[in-house]
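Good morning, everyone. Please have the sequence and the model in view, and follow along as I go from one spot to the next.

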Amino acid sequence: MTEPEPGKSPENPWPVRAVATRVAKYIDRLGTVWVEGQLTELKVRQTTAWMVLRDPAADMSLTVSCPRDLVVNAPVPLSEGTQVLMHGKPQFYTRNGSFSLRISEIRAVGLGELLARIERLRRLLDAEGLFDPRLKRPLPFLPKVVGLITGRASHAEHDVLSVANDRWPAVQFAVRNTVVQGPNTVPQVVEALRELDADPDVEVIVIARGGGSVEDLLPFSDETLCREIAKCTTPVVSAIGHEPDNPLCDLVADLRAATPTDAAKRVVPDAAAEQVLIADLRRRSAHALRNWVHREERIIDQLRSRPVLAQPLAALDARAEEIERARAACRRDINRMISAEAERIGHLSARLQTLGPAATLARGYAVVTATDGTVLRTTADAPAGTRLRVRVADGAITAVSEGPEG
């Protein structure tokens, strides 16, 4: 059975010195690197200086060390929050298993470079749609609770609270005090922002800070903070600096206020102004209602003055006269037609009487019929002994035929 390789099994482990030595050799092969960050700690000893270099966009940091003279002769005074570039070599100390970066050169990040980086980040966020006006959420008219993120006992906090209370005394604030300058600004503001956004009573969040230099306002152009503002479901108002200042969080926020005082005016309505507005609206609505009533009264008066409503029976009287004239005309026409027809019937009756058998009998003629009712037309129809009926003008007689005359 072959013996396992060293460090691959509990039966054949490596000693600590072997592991530490191998890690040190591996890190030593990395060579020198340039690194950028913010100083959060600075301790200068007699010959050596120790610093902590933090990544402003993430909760990560490195321990760095360098000769004391390198800090003393740095191109700019080094302090906490200074943005720097460092050139050094990673080192692993086998005695205590610690890692640090041994610095050989320190450079300050110039203002021009900072502005250029902010501009590159601005273009990146703009391309991703974080500045799209369609994503901006409207502010509530009268928020139940206003979340305020600002420095402790700062002028910005005083301005927002005093102006808001003057405008609407019943307004409530959920204040979260954070640092607003330096390397700890971003993590503290992000934490406060998440806490207020998760509170269901907070309806709007204000991030307020007074004016300052470009370097002082750098944390409010941080990518992490900008993305956190964009993720909030609660409307966010950015009130950073004064009118000329324009950090990136102003572009991501739902509303940019020129100053903290302006933020208070935009978030909290003015009670006095609202009362004046309500009174004005009531006056205008009453005036509009009166005008509407007067207009409707005029319309009703115009309708009532029309003949059809002023004298509603006049049209019926005119129609009644027309109907009476039509009835008289119909009566005349009917009487005329009846008279003409009666006269025509009289003439026809006279003609019938002239042509009828009664008139013929009156002139001396007679109608001879047999007993069976047949009219005698020839002598052969009445042989001797035939009983006859003779009808004359005033009646009828019976007779007996003696036969035809010789």
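Strands here are DSSP runs of E with at least two residues, numbered from the N terminus. Keep that in mind for Arg-54, which is found in strand β2. One caution before we go on: this is a predicted model.

Let's stay with β2. The strand covers residues 48–54. Arg-54 has a relative accessible area of 9%, so it is buried. What does Arg-54 touch, leaving out residues up to four places away in sequence? It touches Gly-37, Gln-38, Thr-40, Met-60, Ser-61, Pro-183 and Pro-187.

Now Ala-49, also placed in strand β2. Its relative accessibility is 0%, so Ala-49 counts as buried. Not counting residues up to four places away in sequence, its contacts are Lys-43, Val-44, Val-64, Ser-65, Cys-66, Pro-67, Arg-68 and Val-71. Pick out Cys-66 from that list. Ala-49 and Cys-66 are 17 residues apart along the chain, yet their C-alpha atoms are separated by 5.5 Å.

That brings us to cysteines. Is Cys-66 buried or exposed? It is buried, at a relative accessible area of 0%. Cys-226 has 0% relative accessibility, and it counts as buried too.

Next, a pair of helices. Two packed helices are described by the angle between their axes and the distance between the axes. Helix α5 runs over residues 185–198, and helix α6 over residues 223–231. Their packing angle is about 10 degrees, and the axes are 10 Å apart. Angles under 35 degrees count as roughly parallel. So α5 and α6 are roughly parallel to each other.

Who makes the contact? On the α5 side, we have Val-186, Val-189, Val-190, Leu-193 and Arg-194. On the α6 side, we have Thr-224, Leu-225, Glu-228 and Ile-229. Sorted by class, this contact has six nonpolar residues, one polar and two charged.

Look closely at Leu-193. This residue lies in helix α5. Its relative accessible area is 0%, so Leu-193 is buried. Beyond residues up to four places away in sequence, Leu-193 touches Ile-149, Ile-205, Ile-207, Leu-225, Glu-228, Ile-229, Cys-232 and Val-236. Leu-193 and Pro-15 are 178 residues apart in sequence, and their C-alpha atoms are 48 Å apart.

Val-236 turns up again in our next stop, Asp-254. Where is Asp-254? It sits in the loop between α7 (248–252) and β10 (255–256). It is a loop residue, but at 11% relative accessibility it counts as buried. The side chain of Asp-254 has a polar contact of 2.8 Å with the side chain of Arg-137. A polar atom of the Asp-254 side chain also lies 2.9 Å from the backbone nitrogen of Val-236. Setting aside neighbours within four places in sequence, Asp-254 is in contact with Leu-135, Lys-136, Arg-137, Thr-234, Pro-235 and Val-236.

Another loop, now. Most residues other than glycine have a negative phi. Ala-153 has a phi near 55 degrees, which is positive, and it is not a glycine. Find it in the loop between β6 (145–150) and α4 (155–167). Is Ala-153 buried or exposed? It is exposed, at a relative accessible area of 72%.

Last stop: Leu-85. You will find it in strand β4, residues 83–93. Its relative accessible area is 23%, so Leu-85 is partly exposed. Now look across to Gly-346. From Leu-85 to Gly-346 is 261 residues in sequence and 143 Å in space, C-alpha to C-alpha.

That's my tour. Thank you.

Conventions:
Residues numbered from 1 in each chain as written. Predicted model: local features only at pLDDT ≥ 70, side-chain atom pairs only at ≥ 80, totals over all residues. Heavy atoms only, no water. Buried < 20%, exposed > 50% of the residue type's maximum accessible area, 1.4 Å probe, protein only. Axes fitted to C-alpha atoms, helices over the stretch in contact; angles between N-to-C directions. Helix = DSSP H or I, 4+ residues; strand = E, 2+ residues; numbered from the N terminus. Parallel < 35°, antiparallel > 145°, perpendicular 65-115°, else oblique. Contact = heavy atoms within 4.5 Å. Nonpolar A, V, L, I, M, F, W, Y, C, P; charged D, E, K, R; others polar. Polar contact = N/O pair within 3.5 Å; in protein donor to acceptor, adjacent residues only side chain to side chain.
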